[in-house]
Amino acid sequence: MAVKNYTEADFVDAVKLLLPPGDYWSQSNDQIDGLVYAIGKELYQTYLDNMLLFLNQENRSDNNWRISDYQSLLDLYQKGAMASDNILTPAVIDIKLSSVNYILEMLSAVEQMRLPHTVINWRLQSVQGIATELRMVNYFRIEAAE
């Protein structure tokens with residue numbers, strides 16, 4: 001999984017996409033452009049701060065669960081699942097499953113405890129030796145009310 005480095009312009013463009021449809025929002029004016037730029041700039045700075053925080057963590061326990069915390073949660077269900085991570089992808093947790101029998105409760109428990117900035121990659125080793133992967137994806141919808 002490659003990590004994409006975003007620019008300030010990416011965040012400004014993303015904020016523009018969140019604006020509601022209509023003539024007022026689609027026209028260029030100083031107030032809307034300034035607001036969109038300020039929000040995008042703030043989001044970009046938060047992104048940079050988080051990147052540095054994760055890169056500089058020695059034990060990754062300040063803002064992140066440790067792998068042992070995920071492993072302890074998995075061990076409660078006695079399904080033989082193993083949690084691991086990679087230093088190059090600090091917000092990605094890999095969980096290898098040995099079986100998919102009766103694991104919905106375990107999947108739900110891990111998803112409830114997952115921090116918003118992390119991604120869980122579920123991996124299953126099949127009998128034929130083919131590795132399959134399942135990623136739970138959450139979609140968040142932001143709506144503007146008049």
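Because the model is predicted, local features need pLDDT of at least 70 and side-chain atom pairs count only at pLDDT 80 or more, while totals for chains, interfaces and linings use all residues. Residues are numbered from 1 along each chain as its sequence is written, and side-chain values use heavy atoms, with hydrogens and water left out.

The chain has five helices and four strands; helices (H or I, at least four residues) and strands (E, at least two) are DSSP runs, numbered from the N terminus. Read from the N terminus, the order of elements is α-α-α-α-β-β-α-β-β. Among contacts with a separation of 6 or more, 54% join residues 24 or more positions apart, where contact means heavy atoms within 4.5 Å. The accessible surface of the chain is about 10900 Å², and carbon and sulfur atoms hold 56% of that surface. Accessible areas come from the Shrake-Rupley method with a 1.4 Å probe; for residues, only the protein chains shown count as cover.

Of the 146 residues in the chain, 24% are buried. Buried means under 20% relative accessible area, exposed over 50%, and partly exposed in between (1.4 Å probe, protein chains only). A nonpolar core is a set of buried Ala, Val, Leu, Ile, Met, Phe, Trp, Tyr and Cys residues joined through side-chain atoms within 4.5 Å. The largest such core has 15 residues, and those touching the most other members are Leu74, Ile95, Leu97, Met106, Val110, Ile120 and Trp122. At least two residues of this core come from each of α4 (67-75), β2 (89-97), α5 (104-113) and β3 (119-125). Helix α5 gives the most, with four residues.

Arg123 sits in strand β3 and Asp94 in strand β2, 29 residues apart, and the pair links distant parts of the chain. Asp94 is buried, at 17% relative accessible area, whereas Arg123 is partly exposed, at 33%.

Aromatic pairs come next. Rings of Phe, Tyr and Trp (its six-membered ring) pair if their centres lie within 6.5 Å; planes under 30 degrees apart count as stacked, over 60 as edge-to-face and the rest as tilted. There are six aromatic pairs by this rule. In one of them, the ring centres of Tyr6 and Tyr47 are 5.7 Å apart and the planes stand at 75 degrees, so the pair is edge-to-face. Tyr6 belongs to the segment before α1 (8-18) and Tyr47 to helix α3 (residues 30-56), so this pair ties together parts that are 41 residues apart in sequence. Tyr6 is partly exposed, at 38% relative accessibility, while Tyr47 is buried, at 15%. Together with Phe11 and Tyr44, Tyr6 and Tyr47 form one aromatic cluster.

Helix α3 also contains Ile39, which is partly exposed with a relative accessible area of 38%. Leu35, Ile39 and Leu43 form a nonpolar surface patch with about 250 Å² of accessible area together. Patches are made of residues with over 30% relative accessible area and no salt bridge: like charges are joined within 9 Å, nonpolar side chains (Val, Leu, Ile, Met, Phe, Trp, Tyr) within 5 Å.

Technical notes:
Salt bridge = Lys/Arg side-chain N within 4 Å of Asp/Glu carboxyl O.
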